[in-house]
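Open the model in your viewer and keep the selection panel at hand.

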Amino acid sequence: MTPQEKQQLSEIDICDLFITPSITKAGWEQLTQIRREVTLTPGPVVVRGNMSSRNKKKKKFADYVLQKETGVPIAIVEAKDNKHTVSQGMQQALGYAGILDVPSAFSSNGDAFASHNKVPAPGEDIECELPLDSFPSPDEIWKRYKKHRDIEDDEEELVLEPYHKDAYGKEPRYYQTEAINRVMEAVAKGQKRLLLVMATGTGKTYTTFQIIWRLWKAEKAKRTLFLVDRNILADQTLVNDFKPFGPVMTKIKNRKIDPSYEIYLGLYQALTGPDEADKIFKSVSRDFFDLIIIDECHRGSASEDSAWREILDYFSGATQIGLTATPKETKYVSNITYFGEPVYTYKLKEGIEDGFLAPYKVVRYHLDKDLIGWTPPEGMTDDLGKEIEQRTYNQKDMDRILVLNQRTKLVARCVMQLLNATDPFSKTIIFCEDIDHAERMRVAITNEAGQLALDNPKYVMRITGDSVEGKAELDNFIDPESKFPVIATTSELLTTGVDAKTCKLIVLDKTINSMTTFKQIVGRGTRIEEEYGKYFFTVMDFKNATELFKDPDFDGDPVVIYEPGPDDDPVPPDPDPEPGGTVEEPPGVEYGSKKIHVSGVEVKILAKTVEYRGDDGQMVTESYADYSRKNILNEYASLDDFINKWNSTKKKAAIVAELEDYGIELPKLAEEVGKDYGDFDLICHIAYDAPPLTRKERADNVKKRDYFTKYGDQARAVLEALLDKYADEGVTCIENNNILKQAPFNTVGTPVEIINDVFGGKANYENALHDLERELFDQKRSA
């Protein structure tokens, strides 16, 4: 093959003819060790207004991932066509190698390999060029990987223990793979306490399953205890992610540990209690469990949940792994102090930027009585006739000390207005101050929902710790297939762990001072469910809780603050619950003294702001049109640049597709600007403030110019019909030759007859179409 011929080959051809054969020749097994075209991340979801789309420009897609065994990636190869230089793809390869934390990255254009080695031997270059027939063997790359990850020879067997292979082809995402492998490496080194930090919605339970599976199969964990703090979490795990364990798995119940099983799911409450007789974990020997995993371990440090600590102390010889989305770090409590530094961390910010987690928009309401405050007139009495204390009540008092019934109704009205304007059946969680507030909010939502609540009394339910009926509906609320309940009012029960995948709206009418609580509440909405059209979620904030989004600790690295003195216990003491991290009260118990209920006091909205998460993670005020303008200008700096590109591009669909990669969908822009405008005018107007013409106006302008007189009768009829089609449907429609099968073209002839007989061949037809488009989009003549 000549160099000129090689340069005509596509990137795929270069891979098939040169790169893959060179890699397999070096000893790599094509079916098990070479993965082609691997999507590492799908790209972030962009949300503006009520519109969302993926920014595919930020998708991370590796041409080759080389692995020692399934699930153990050790090298990246980035391919380019032969018009590029050998090392042109190296920066891209290094980016992917950084994501996977592998030491070997390669780039190739089919002539040779550019190699980057993060662990070079003394005197060895970091980067060099290798001939096609000198690609490193799996053993050589594996040695680099072991050095990079500090894996000793005697640890190798456990590190390479196979993953569970799912019958439906489910595979761990790249960060789950990294989390699992990091745990395996730490256990291989004999580490007994480990901490995994993974944002809510990133699949901690599936990750846990693969860890247990591999340690169980390697006979490093013959008996495993998975500790959770909610019954529903155990039940979900049993029938979903842990299902492959089958008959060797059981849920601990009836206050008895049956020794005939190997995998145990247990609630703290089922294993221990205040009395010695309740501590059934002591019914088995201290070495009964080899592995204990604590879900939501940040909750275990609070005094009410400290049960897990005594369980871990009893089984101190077991390997213990803490799972959390929010490491709890205060002056008194530190999971890092107990478990050690996280072996792996995957943050909410990373999940959103990768496109695995849903972004959010914030609608913040500022209510007059909250911000300005309310002072009762002298001698005013509450609804029970008791005189109200003379002072100014403000936001921190609302629904904790003072209940303004009109305020509750206003919040409910705002919620239903948003739902009715979008989708009244969007799953919604309303977080309230306490159980009493949650019940009053349920009543207010019922009244505002009107016919929706009449049609189904379970449209809104209070799901709190004291409500048997509410808790019975929890499974239905989190089930994507179940339409009802739509709205759940709660205070604490839904803050953690409950997997409400399709939750699209989170309402905060609750004082939140705890970052841990805030992260957990936000985590209820972060799951993406494409099957159900869930790509983003909305946070409605009535208590200014979303100010915590601006706190650098919202997605910061955990820091240990507890510093014991020389004579202090190294284990931090158990404190009272964090300020703002309230506790679910039993019925009838309120915050402090009895609340003051006042009807008839008007409450108004002073202001309303809508903010979105920007590219840098900060909250910004930006419309879909603003976002589109910014990214169109990234691609085409001026109107002339765009027009030149538009006119020189044969198929305008290519430009539309290019913009879609940024997450710009022109039909969605048309909903804001006007549905009668074509793609060209939408782009020119949004990005460059050019006055838009409708498709019909452009078509009429062409007709006025007698442009068709140079064509014969049949050709003129076809072009005029194409012009009408453009006016109705747009430019991409007329560029598709299949349109010639439709009326009125089919009265002239078949597509082949029209192209060959009427226009004298495909080239002539395409030239005529291109001339028509040039007339349509001639800015000087359209002005």
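In which hand does H20 pass H23? The crossing of H20 with H23 is left-handed (near helix turned anticlockwise from the far one by less than a right angle; clockwise is right-handed).

First, some ground rules. This is a predicted model, where local features need pLDDT of at least 70, side-chain atom pairs count only at pLDDT 80 or more, and totals for chains, interfaces and linings use all residues. Residues are numbered from 1 along each chain as its sequence is written, and side-chain values use heavy atoms, without hydrogens and water.

Select 624-635 for H20 and 666-673 for H23. Their axes lie 10 Å apart, at an angle of about 130 degrees. Now show the contact (heavy atoms within 4.5 Å). H20 brings Tyr624, Ala625 and Ser628; H23 brings Lys668, Leu669 and Glu672.

Next, select 639-648, helix H21, and 679-688, helix H24. Here the angle is about 165 degrees and the axes are 11 Å apart. H21 and H24 are therefore roughly antiparallel. Their crossing is right-handed. Look for Leu639, Phe642, Ile643 and Trp646 on H21, against Asp679, Phe680, Ile683, Cys684 and Tyr688 on H24.

Last stop: H19, residues 515-522. Eight of its eight residues are buried (under 20% relative accessible area, 1.4 Å probe, protein chains only). Show strands S18 (427-431), S21 (503-508) and S22 (537-541), which are among what covers them. Finish at the start of H19: a side-chain oxygen of Ser514 comes to within 3.0 Å of the backbone nitrogen of Thr517.

Notes:
Axes are lines fitted to C-alpha atoms, for helices over the stretch in contact, and angles run from 0 to 180 degrees between N-to-C directions. Helices (H or I, at least four residues) and strands (E, at least two) are DSSP runs, numbered from the N terminus. Buried means under 20% relative accessible area, exposed over 50%, partly exposed in between (1.4 Å probe, protein chains only). A polar contact is a pair of N or O atoms within 3.5 Å; within protein, one must be able to donate a hydrogen and the other to accept it, and residues adjacent in sequence count only if both atoms are side-chain atoms. Angles under 35 degrees count as roughly parallel, over 145 as roughly antiparallel, 65 to 115 as roughly perpendicular and the rest as oblique.
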